[in-house]
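Student: I would like to learn how to read helices and their packing. Can we go through a case together?

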Amino acid sequence: MNGPWDAGLQSERTRLAWVRTAAMLAVTSLAGAGVALRAGTPVPVIVPFVPAVFCAVLLLTHTGIRYRRAQEALHGSRPLDNRADALIAWIGTLAAVAGAIAFVLERFGR
């Protein structure tokens, strides 16, 4: 062992986990918006899905940068700060949940 890391693929697994998170956020948000549109839901109910998709795209495009930072942190024995990425993931998730709740309330409120 030549440092605090082992020869495993921690950075690669972490990168794939972030890609899965971003992909699932994008798919669920787009699917939710699509279902709401096909159901004839008013546009204000669909609006929360937009920031969720935006957050997913941002997370997905940021994976290369995050991977390089993780590699540098591992090899430089420094902590990695992923708080901004976690915040973006939470905002996207909460926006998707808000869209889903608004859709359900609008459908059952009729």
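Tutor: Start with the length of a helix, whose expected span is 1.5 Å times one less than its number of residues. Helices here are DSSP runs of H or I with at least four residues, numbered from the N terminus. Helix α4 (residues 63-75) has 13 residues and should span 18 Å, which agrees with its end C-alpha atoms being 18 Å apart. This is a predicted model, in which local features need pLDDT of at least 70, side-chain atom pairs count only at pLDDT 80 or more, and totals for chains, interfaces and linings use all residues. Residues are numbered from 1 along each chain as its sequence is written, and side-chain values use heavy atoms, with hydrogens and water left out.

Student: Which residues of α4 are buried?

Tutor: Buried means under 20% relative accessible area, with a 1.4 Å probe and protein chains only. In α4 these are T63, G64, R66, A70 and A73. They pack against α1, α3 and α5, where contact means heavy atoms within 4.5 Å. After α4 comes S77, with a positive phi near 55°.

Student: How do I read the angle at which α3 and α5 pack, and what is it?

Tutor: Axes are lines fitted to C-alpha atoms, for helices over the stretch in contact, and angles run from 0 to 180 degrees between N-to-C directions. Angles over 145 degrees count as roughly antiparallel. For α3 and α5 the angle is about 150° and the axes are 7 Å apart, so the two are roughly antiparallel to each other.

Student: Which residues of α3 and α5 meet?

Tutor: F49, P51, A52, C55, L58 and L59 in α3 meet a set in α5 including D85, I88, G92 and A95. The contact of α3 with α5 has 12 nonpolar, 2 polar and 1 charged residues. Here Ala, Val, Leu, Ile, Met, Phe, Trp, Tyr, Cys and Pro count as nonpolar, Asp, Glu, Lys and Arg as charged, and the others, Gly among them, as polar.

Student: Is A95 buried or exposed?

Tutor: A95, in helix α5 (residues 83-108), counts as buried because its relative accessibility is 11%. Leaving aside neighbours within four places in sequence, A95 is in contact with P48, P51 and A52. A95 and P48 are 47 residues apart in sequence, yet their C-alpha atoms are 5.3 Å apart in space.

Student: At what angle do α1 and α3 pack?

Tutor: Helix α1 (residues 10-38) and helix α3 (residues 49-61) pack at about 155°, with axes 8 Å apart. They are therefore roughly antiparallel to each other. Their contact holds 14 nonpolar, 2 polar and no charged residues.

Conventions:
Buried < 20%, exposed > 50% of the residue type's maximum accessible area, 1.4 Å probe, protein only. Parallel < 35°, antiparallel > 145°, perpendicular 65-115°, else oblique.
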